[in-house]
Amino acid sequence: MDRTEFRNIIYTNFKKAGRVFPWREDTDPWGVLVSEFMLQQTQTDRVIPYWERWMKLWPKPGDLAKASLEEVLREWSGLGYNRRARYLKECAACITTEYHGKVPDTPEGLLPLPGIGAYTAGAISCFAYNYPAVFIETNIRATVIHFYFQDRLKVSSDTKVSDAEIFPILESVLDKKNPRKWYWALMDYGAALKKITPNPNRHSAHYTRQSPFEGSFRQARGRLIRTLVSEGPASVQELRKRTGIEKTDLYKALEALQKESMVAEEDGVYRIGAI
């Protein structure tokens with residue numbers, strides 16, 4: 001597809017149906033960074049009230065760095081994947097002490113921070129500073145597959161498209177004058193696309209179905225964190241009563257959480273860790 005035609009389609013849709021989020025209306029770098037941590041594997045509408053509350057509680061990296069991990073996890077409760085909250089707090093501390101409170105403005109500057117990978121580094125630099133990074137996430141991937149790989153999909157519905165094939169396309173169509181708006185538009189098109197057609201990401205070489213949450217190890221971990229945050233320190237016996245988690249799974253979850261410094265143990269009593 002011609003680059004100009006593609007851009008026109010994407011921008012026309014954005015003009016008509018672009019989504020509105022508070023972290024788009026205020027592109028303060030810290031607020032953008034917080035939104036990217038929260039949006040990982042979490043629906044956007046669900047994130048909005050959390051983001052707004054967090055930005056009132058901790059409007060600067062230094063504010064979050066001073067908060068206890070227990071307080072941070074309490075405010076995070078309901079978003080899932082609690083490690084993101086710990087990484088976000090560690091990230092805030094690093095920005096405060098090593099960057100004088102300023103969020104780095106390039107992917108290279110962001111990558112060393114805790115919990116930040118290639119996508120997050122590109123997204124933060126783009127949305128916070130309008131930096132022309134090349135990055136990919138699920139909605140961007142869906143948009144590119146839909147427009148650029150239809151011929152291959154017609155030949156074989158089993159075709160799998162790798163991100164290595166998508167990155168050169170993203171680089172060639174990037175609106176370098178306004179990458180922030182361009183990526184918003186790409187994401188919004190992909191989000192809308194998946195509501196009206198079978199998800200194009202099924203044809204991605206990187207597509208995997210998320211395992212069921214109910215009865216999973218992830219659920220046990222989350223239940224333990226919520227219990228320790230809401231009801232305080234406890235022994236294994238007390239935790240079994242509070243959570244209903246089987247003993248083997250309980251010890252396994254506690255061991256994993258200790259390794260991640262999410263939980264600490266002293267004299268047989270477990271509590272939220274301190275960082």
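1. Ala-264 sits across from Arg-271 of strand β2. The two strands, β1 (residues 263-266) and β2 (residues 269-272), run antiparallel and are joined by four bridges; strands count as paired when DSSP finds at least two bridges between them. The hairpin leaves two residues between β1 and β2, and Asp-267 there has a positive phi near 55 degrees.

2. A word on what we're looking at: this is a predicted model, in which local features need pLDDT of at least 70, side-chain atom pairs count only at pLDDT 80 or more, and totals for chains, interfaces and linings use all residues. Numbering starts from 1 along each chain as its sequence is written, and side-chain values use heavy atoms, with hydrogens and water left out.

3. Overall, the protein chain has 16 helices and two strands (DSSP runs numbered from the N terminus: H or I with at least four residues for helices, E with at least two for strands). Its C-alpha trace spans about 65 × 45 × 30 Å along the principal axes. Of the 275 residues, 48% count as buried, meaning under 20% relative accessible area, with exposed over 50% and partly exposed in between (1.4 Å probe, protein chains only).

4. Taking contacts between residues at least 6 apart in sequence, 65% join residues at least 24 apart; contact means heavy atoms within 4.5 Å.

5. Have a look at helix α14 (residues 217-231) against helix α15 (residues 236-243): their axes come within 10 Å and cross at roughly 105 degrees. That makes α14 roughly perpendicular to α15 (65 to 115 degrees; under 35 is roughly parallel, over 145 roughly antiparallel, the rest oblique). Axes here are lines fitted to C-alpha atoms, for helices over the stretch in contact, with angles from 0 to 180 degrees between N-to-C directions. From α14 the contact uses Arg-223, Leu-224, Thr-227, Leu-228 and Glu-231, and from α15 Leu-239, Arg-242 and Thr-243.

6. Ser-216 is buried, at 17% relative accessibility. Its C-alpha is 9.8 Å from that of Asp-249, 33 residues away along the chain.

7. Arg-141 belongs to helix α10 (residues 138-148). Is Arg-141 buried or exposed? It is buried, with a relative accessible area of 14%. Leaving aside residues up to four places away in sequence, Arg-141 touches Ile-136, Asp-163, Ile-166, Asn-201 and Ser-204.
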